[in-house]
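Let's walk through this protein together, one question at a time. Have the model open beside you.

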Amino acid sequence: MALFGKKDPCAICGGAVKGLLPHKIEKQLVCRNCYGTVDLPDDVIGEITLKDFKAYMAFRDQNALLKSRFTATHTIDLGLFSSKIVVDTNNRLFCMDKDLEKTIFEGKDIVSFAIKEDSFMLFEGRANGLKSFPSSVRECIMSLTPQINRMNMHQNLQNIASAFGVEKENRTNSTPLEIPEPFAKFNIEIHVNHPYWRTITAQMSAPGINNDRPDLNEYLREYTESALLMEKLANALAEIAFPAAQNQPSASTIASAQTDAIGEIRRYKELFDQGIITEDEFNAKKRQLLGI
Ligand SMILES: [Zn+2]
């Protein structure tokens, strides 16, 4: 068939171009091998000329040389469908791909970085050091306590009702409550001084609340784990970007202090479950430990 018959060779390497929808630059075909090396922001690749693409490929070859000395000291896993960020604090390098198939950036390229909960700043790294900001997530979660207790009670009543074979009569007002989640994701923004990149971005999903069986302690545990991971990333980026600022007060140990608080809360929860303290006493202690 003529439609799929002859194709022009790759405008970069002159090799054969395969596939139904080959990549094009300046309306000329580019083979998968050549295009496969691309790691560029969408707006840059959309506008690139053949000449610039050739220059870019030379840059990529040069950049790949950094692989040989890259030894990851930190791997930050952003979740199931997201990338991993690997950092090499000894050689001051980082890459948005654990297999180093993407561009390897140098710490000195970093101008500043931000890690946010949606649009709220959590960590900010600049030449004068790393700053951490208080998060309102725990407060927000604790404010949901009455609503969640109500939901769980409602659920328990329904379970009892169905155990006794009571059907859903007189339950017209049993529309399930929707629990608002404190935030949707952690946003990572790394601003660089680089020929091809201005800002490197990545996301990690916030923990979710199970609407059928909301569990605040579970949420707080997951949240603390994620916040600790973001703190680890912030510290690693600050270390490679602004080594001179390391002796300044860096990210506080807020997150780890809160891990201790969660452990304490668990212990009080056991005391409550065993009937040694009342629910009010437990809630008071919980608020005190979380500082809200
Ligand atoms: Zn090619």
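Q: In what order do the 4 strands of the open sheet that includes β3 stand?
A: In this predicted model, the pairing in the sheet is antiparallel. Strands here are DSSP E runs of at least two residues and helices H or I runs of at least four, numbered from the N terminus, and two strands pair if DSSP finds at least two bridges between them. β3 (74-77) and β6 (104-106) each have a single partner strand, so one side of each is left without a neighbour in the sheet. The order is β3-β4-β5-β6.

A quick note on conventions: residues are numbered from 1 along each chain as its sequence is written. As the model is predicted, local features need pLDDT of at least 70 and side-chain atom pairs count only at pLDDT 80 or more, while totals for chains, interfaces and linings use all residues, and side-chain values use heavy atoms, with hydrogens and water left out.

Q: Which residue in β6 is the bridge partner of F94?
A: Strand β5 (residues 93-95) pairs with β6 in the antiparallel sense, over 3 bridges. In β6, the partner of F94 is F105.

Q: Which residues coordinate the zinc ion?
A: The 4 donor atoms (N, O or S within 2.8 Å of the metal, or 3.2 Å for Na, K and Ca; water is not among the atoms, so sites may look incomplete) subtend angles of 105 to 114 degrees, which makes the arrangement tetrahedral. In sequence, the donor residues are spaced C-x2-C-x17-C-x2-C. Each coordinates through SG, at 2.3 Å, and they are C10, C13, C31 and C34.

Q: Is C10 buried or exposed?
A: Buried means under 20% relative accessible area, exposed over 50%, and partly exposed in between, with a 1.4 Å probe and protein chains only. C10 has a relative accessible area of 4%. That makes C10 buried.

Q: Which strands of the 5-strand open sheet are at its edges?
A: This sheet has the order β9-β8-β7-β10-β11, with antiparallel pairing. An edge strand here pairs on one side only. The edge strands are β9 (129-132) and β11.

Q: How many residues lie between β10 and β11 in their hairpin?
A: Strand β10 (residues 185-192) and β11 pair in the antiparallel sense over 7 bridges. Within this pairing, A202 in β11 is the bridge partner of I188. The number of residues between the two strands is 6.

How values were computed. Tetrahedral: all angles 85-135°; square planar, octahedral: opposite > 155°, others 65-115°.
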